[in-house]
Amino acid sequence: MITLAPLLLAGCQSGPVSEASAADDGAGEAVAEAVGQATAPGGVENAAVVEPPADFTSWLADFRRQARNEGISEATLAAALDGVRYQPRVIELDRSQPEFVRPIWQYLDTAVSQARVSQGRAKLAEHRDTAERMEQRYGVPAEIIVAIWGIESNYGGNFGNFSTLEALATLAFDGRRSDFARGELMAALRIIESGDIAPQRMIGSWAGAMGHTQFIPSSFESYAVDGDGDGRRDIWNSIPDVMASTANYLARAGWQSGQPWAVEVRLPSDFDYAQTELSTRRSSSEWAEQGVRRIDGGSLPGYQQASLLAPAGAEGPAFLVGPNYRAILRYNNATSYALAVGTLADRIAGREGIRADWPRDVEPLSRSQVREMQQALNQRGFDVGAPDGIMGPNTRRGLREYQRSIGVTPDGFATLSLLQRLQR
């Protein structure tokens, strides 16, 4: 959904549809975590028949009139909207927010498992000609294309089994995100009108993410590509279309051919961790002057605008990231997601994964505990904005100021021990 627009929640998947907003809202920023959907593609969610809200039928009739006024044909309206059901399960999933969020190393353990690496290598071998053709056309490495496919839907094994039309109609009617869902539902009708896909085959996640690499309808309209030359853009059944569309998305997001997505680095002991924000950008040479060194002993890539990330603070790995990392973030604006895609791509290509150890003995904070930390920081004069339970730049800045005041490494990494000390 490159705008490039805010990224919205893809439910169980996390493609260009994920709810990982780039905005810093209150004390934090929205962060999405890609989690697999348990059901396989091929059939629509078989929910129990539930009587829809009384006004859903009238809402759908109003929407249908609007679609007709916007040029959608009667044939498409009948094929797409006749029999569309209200899905209470969609609302249940939309309103659920887990209290506990897995630490990044646990997420990566799953996202870049040996099984997923092995399957990715097999998929790349199976579709190498197609992947390399897309790499030549768009400049995006074949292993990156395959890695996104793996993270988004486990190589097509679980891209969802909800009717996109029913999911979006339900969300649009519900009202919490009605403007977004209404616009996406209209885009879905235009896709059907264009002949790319039949309504009954428009299947995906509960929030409207579709196909192997989880495009929402508006992203499909803008970035989906006919990769096999059959005149249709089919991200459900055509792997050439899937790969071409994914590569086109990243190319349009600013992918720069010939540059690595990131390199793992070692930071000097006196490094100022206030610089480990994506908004801080320096050239590789400037970072080198501060003592930043590539962990494998090689030369830093020639980034002109590079950022340093230390997602687990001073005790975890650090990464120098450039424009291609940011391009992945445009697909899903979550650090865990971008690291997973890049690391999986490296492993698929036979390169080494992350070398430094994660602080696995650290107990992560729940959302309510992050909110408690934010409240405590505010009470002590370290203003982080309105407590929202989400770690973002404001919260990390305030936490670093507190850490500096008590004489510990100010890396902005929230731990249970820090929270307990704040609450004394």
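Author: Buried means under 20% relative accessible area, exposed means over 50%, and partly exposed lies in between (1.4 Å probe, protein chains only). This is a predicted model: local features need pLDDT of at least 70, side-chain atom pairs count only at pLDDT 80 or more, and totals for chains, interfaces and linings use all residues. Residues are numbered from 1 along each chain as its sequence is written, and side-chain values use heavy atoms, with hydrogens and water left out.

Reader: How many salt bridges does the structure hold?

Author: Side chains of opposite charge can pair when their charged atoms come close. A salt bridge is a side-chain nitrogen of Lys or Arg within 4 Å of a carboxyl oxygen of Asp or Glu. The count of salt bridges here is 22.

Reader: Which residue forms a salt bridge with Asp94?

Author: Asp94 is buried, at 5% relative accessible area. Its partner lies in the loop between helix 8 (164-174) and helix 9 (178-194), while Asp94 lies in helix 3 (88-95), so the pair ties together parts 82 residues apart in sequence. Helices are DSSP runs (H or I, at least four residues), numbered from the N terminus. With the closest N and O atoms 2.8 Å apart, the partner is Arg176.

Reader: Is Arg176 buried, partly exposed or exposed?

Author: Partly exposed covers the range between the buried and exposed cut-offs. At 46% relative accessibility, Arg176 counts as partly exposed.

Reader: What is the N to O distance between Arg294 and Asp296?

Author: Arg294 is partly exposed, at 25%. Asp296 is partly exposed too, at 46%. Their side chains meet in a salt bridge, N to O, at 3.1 Å.

Note on methods: Helices (H or I, at least four residues) and strands (E, at least two) are DSSP runs, numbered from the N terminus.
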